[in-house]
Amino acid sequence: MNRQPPVAITGMGCICAAGRNLPDCMQALFTRPPAPAPPRSLPAAQHPVFEVPDRFLPPPGSRHPPMVRAVRLAVAAAEESLADADWTPAALRRKRVGVVIGTNVASGVSNRALQRELAGIDASGLSPAERFRTVNPAQWLARHFDLSGPHMTVVNACSAGSDAIGLAGTWIRSGRCDAVLAGGADALYEVTYYGFIALLNSDTEACKPFDARRNGLNLGEGAAMMVLESEAVRRGRGRRARAFLSGYGTASDAYHLTAPHPEGNGLRVAVRDALAAAGASPADVAFINAHGTGTRENDRVESLFFHEVFPGVPFGSTKGGTGHTLGAAGAIEAAFTIASLEHRKMPATAGFEAPDPELPAHPAEGPAAIRGTTALSQTLAFGGNNSVLVFSAGPDL
């Protein structure tokens, strides 16, 4: 793969259990990350999760059907990112602005709620079914902000948010869009909650990425959005880039539906392609935001890969402060990666205390200084998906 032109990122927004906006989230990650608790929406459930406080969310609105929780999360992050990029609604309407959002289930509707309604009403009153059918975060955002460019919702398991950002970069490079609102959003949903418990991948305590005592993940919810712009539009506005998307790679393990390849074969290809697109080598990477779920196999594969390909490069996971936000994870962690480049410091891996002697590489201990301007954010997903983003910060490239 040949080197590709970097794409400017001019605004970012994030909402998750760690905070209602990106600065609050970063403050929490560097100081006192939140702890998980049993889900409020599932009274009998005990496995802890990272829920977003209701007070952080915008109202569902008066449209029919009203915005479901995942869309409300997406709207909150999108409003922050557009304000950060200094885009007004009137200015957006004069440009070709696309929307691409990654999600898994988007909290569309409880299957049980749908079944209850189907049991007692006629076909004219299927409001839960309508809500389920019309949950499309990209379409909601395009209509909410009156955007006329292409819009797409990406459903690619836990790599969806990363894939959405990577796809947005191709829309800018190809000249299809002047700007793109890209990211990911997901909310807690009973099917995924109980599904991970059934897979024995859900910890009954706070998750512990890369720790010797790790025993699974905690689910979370949230959204992150970023504004990507063409150079002509950005320079015409006189807008400084917060960072650049300099590389994107994605590849499949073609190995197992839920387990990563033991040698990380797909991850190796995705990283190789992302670095080639960025015109970078492993030696150029200042730090890595790992997928770091706290599951036995994911952390083992990533540790082995870091030891072999990025020896000595600091890495960490932020899921100990957010939970695994599924389709939003890649976007949330991409925003954290860029913010860490700006701070020149990466947060500690919450939950990591006891190094696993069977792992050849371990996360950085405590908040670590970043010496460099290039960082890598990677997501591994069910279906064998591996998606990798490379970001560069500093003077305009």
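**Pocket, cores and a buried asparagine**

Biologist: Which elements each supply at least two residues of the lining of the second largest pocket?

Modeller: That would be α11 (296–309), β11 (374–381) and β12 (385–392). Helices (H or I, at least four residues) and strands (E, at least two) are DSSP runs, numbered from the N terminus. This is a predicted model, where local features need pLDDT of at least 70 and side-chain atom pairs pLDDT 80 or more, while totals for chains, interfaces and linings use all residues. Residues are numbered from 1 along each chain, and side-chain values use heavy atoms, without hydrogens and water.

Biologist: Which of them gives the most to that lining?

Modeller: α11, with three residues.

Biologist: And which residues lie nearest the centre of the pocket?

Modeller: Asn201, Thr258, Pro260, Thr295 and Phe382, out of 25 lining residues. (A pocket is an open set of points on a 1 Å grid where a 1.4 Å probe fits, with protein on both sides within 12 Å along at least five of seven lines; lining residues have an atom within 4 Å of a point.)

Biologist: Changing topic: how many residues has the largest nonpolar core?

Modeller: It has 47, and Leu228 and Phe336 make the most contacts inside it. β1 (7–16), α1 (22–30), α7 (160–173), β4 (179–186), β5, β6 (243–252), α13 (329–343) and β12 each give two or more residues to this core. The largest share, eight residues, is from α13. (A core joins buried Ala, Val, Leu, Ile, Met, Phe, Trp, Tyr and Cys through side-chain atoms within 4.5 Å; buried is under 20% relative accessible area with a 1.4 Å probe.)

Biologist: What is Leu228 in contact with, neighbours within four places aside?

Modeller: Among others, Ile9, Ile165, Ile172, Val180 and Leu245 (contact is heavy atoms within 4.5 Å). There's also a second, separate core of 37 residues, including Leu82, Trp87, Ala106 and Val233.

Biologist: OK, helix α6: which residues are buried?

Modeller: In α6 (residues 137–144) they are Pro137, Ala138, Trp140, Leu141 and Ala142. Those residues pack against α2 (69–84), β2 (97–102), β3 (151–154), β4 and β5. After α6 comes Asp146, with a positive phi near 55 degrees.

Biologist: Last one: where does Asn218 lie?

Modeller: In the loop between α8 (190–198) and β5 (222–229).

Biologist: Is Asn218 buried or exposed?

Modeller: Buried, with a relative accessible area of 1%. Setting aside neighbours within four places in sequence, its contacts include Pro36, Phe50, Asp203, Cys207 and His324. The Asn218 side chain also reaches the backbone nitrogen of Cys207 at 2.7 Å.

Note on methods: Buried < 20%, exposed > 50% of the residue type's maximum accessible area, 1.4 Å probe, protein only. Polar contact = N/O pair within 3.5 Å; in protein donor to acceptor, adjacent residues only side chain to side chain.
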